[in-house]
Amino acid sequence: DGERCVSCEKAKFKLALGVESCALCEDLLKGAITEEEGSTTNSSCHCPAGTFDNLKEEDRRCEVVDEGVSEDVEGMTMESLKLEAGFWRTNPFSLDIRQCPVEP
């Protein structure tokens, strides 16, 4: 029949092996990628470094990190933001990133 199994490219996945078409991570999480080709689960979709998953039901997307948040970590969510040394926030659901006071 001329059809063959092809693995999905980056930023796409398919839930079953075979000839079915690949789905876009973008449809689940705006701005999402996968680490490598051939992803077989939607949990492979995550935000690239320099962004985080805002976890909003209505408008889920990868948002650019603010000052004080590491720009080198892939797959961060609002709850798991990796703060740089010298910064803190009041709780895991806050985007109010503050610099620690420096004593003179």
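Modeller: A disulfide is taken here as a pair of cysteine sulfur atoms within 2.5 Å. Please keep in mind throughout that this is a predicted model. By that criterion a disulfide joins Cys 8 to Cys 22, with an S to S distance of 2.1 Å.

Colleague: How many disulfides does the structure hold, and what pattern do they follow along the chain?

Modeller: The structure holds 3 disulfides, and when the bonded cysteines are counted along the chain, the pattern is 1-2, 3-4, 5-6.

Colleague: Taking the link of Cys 8 and Cys 22, what is its handedness, and why?

Modeller: The handedness is read from the torsion about the S-S bond, which for Cys 8 and Cys 22 is about -100 degrees, so this disulfide is left-handed. As for what is tied together, Cys 8 lies in the segment before strand 1 (12–13) and Cys 22 in the loop between strand 1 and strand 2 (23–24), so the pair connects parts that are 14 residues apart in sequence.

Colleague: Which cysteine is joined to Cys 25, and where do the two partners lie?

Modeller: Cys 25 is joined to Cys 45, with an S to S distance of 2.0 Å. Both Cys 25 and Cys 45 are placed in the loop between strand 2 and strand 3 (51–53), and the pair, 20 residues apart, links distant parts of the chain. The torsion about the S-S bond of Cys 25 and Cys 45 is about -70 degrees, so this disulfide is left-handed. With regard to accessibility, Cys 25 counts as buried at 0%, and Cys 45 counts as buried at 12%.

Colleague: What can be said of the disulfide that Cys 47 and Cys 62 form?

Modeller: The sulfur atoms of Cys 47 and Cys 62 are 2.1 Å apart, and with -90 degrees about the S-S bond their link is left-handed. Cys 47 belongs to the loop between strand 2 and strand 3, while Cys 62 is in strand 4 (residues 62–64), and this pair, 15 residues apart, links distant parts of the chain. Cys 47 is buried, at a relative accessible area of 1%, and Cys 62 is buried as well, at 15%.

Colleague: Is Cys 100 buried or exposed, or something in between?

Modeller: Cys 100 is partly exposed, with a relative accessible area of 32%.

Colleague: What is the phi of Leu 55, and where does Leu 55 lie?

Modeller: Phi of Leu 55 is near 60 degrees, a positive value in a residue other than glycine. Leu 55 lies in the loop between strand 3 and strand 4, where it is partly exposed, with a relative accessible area of 38%.

Colleague: How many helices and strands are there in the chain, and why is the chain more spread out than a compact globule?

Modeller: The chain has 0 helices and 6 strands, so that, read along the sequence, its pattern is β-β-β-β-β-β. Its radius of gyration is 18 Å, well over the 13 Å that the globule rule gives for 104 residues, and the chain is therefore more spread out than a compact globule. The C-alpha atoms fill a box of roughly 75 × 25 × 15 Å along the principal axes.

Colleague: Which totals describe the burial and the surface of the chain?

Modeller: Buried residues make up 29% of the 104 residues. The accessible surface comes to about 7,100 Å², of which 48% belongs to carbon and sulfur atoms.

Note on methods. Residues numbered from 1 in each chain as written. Predicted model: local features only at pLDDT ≥ 70, side-chain atom pairs only at ≥ 80, totals over all residues. Heavy atoms only, no water. Helix = DSSP H or I, 4+ residues; strand = E, 2+ residues; numbered from the N terminus. Buried < 20%, exposed > 50% of the residue type's maximum accessible area, 1.4 Å probe, protein only. Rg over C-alpha atoms; globule rule 2.2 N^0.38 Å. Areas by Shrake-Rupley, 256 points an atom, 1.4 Å probe, with all protein chains shown as cover.
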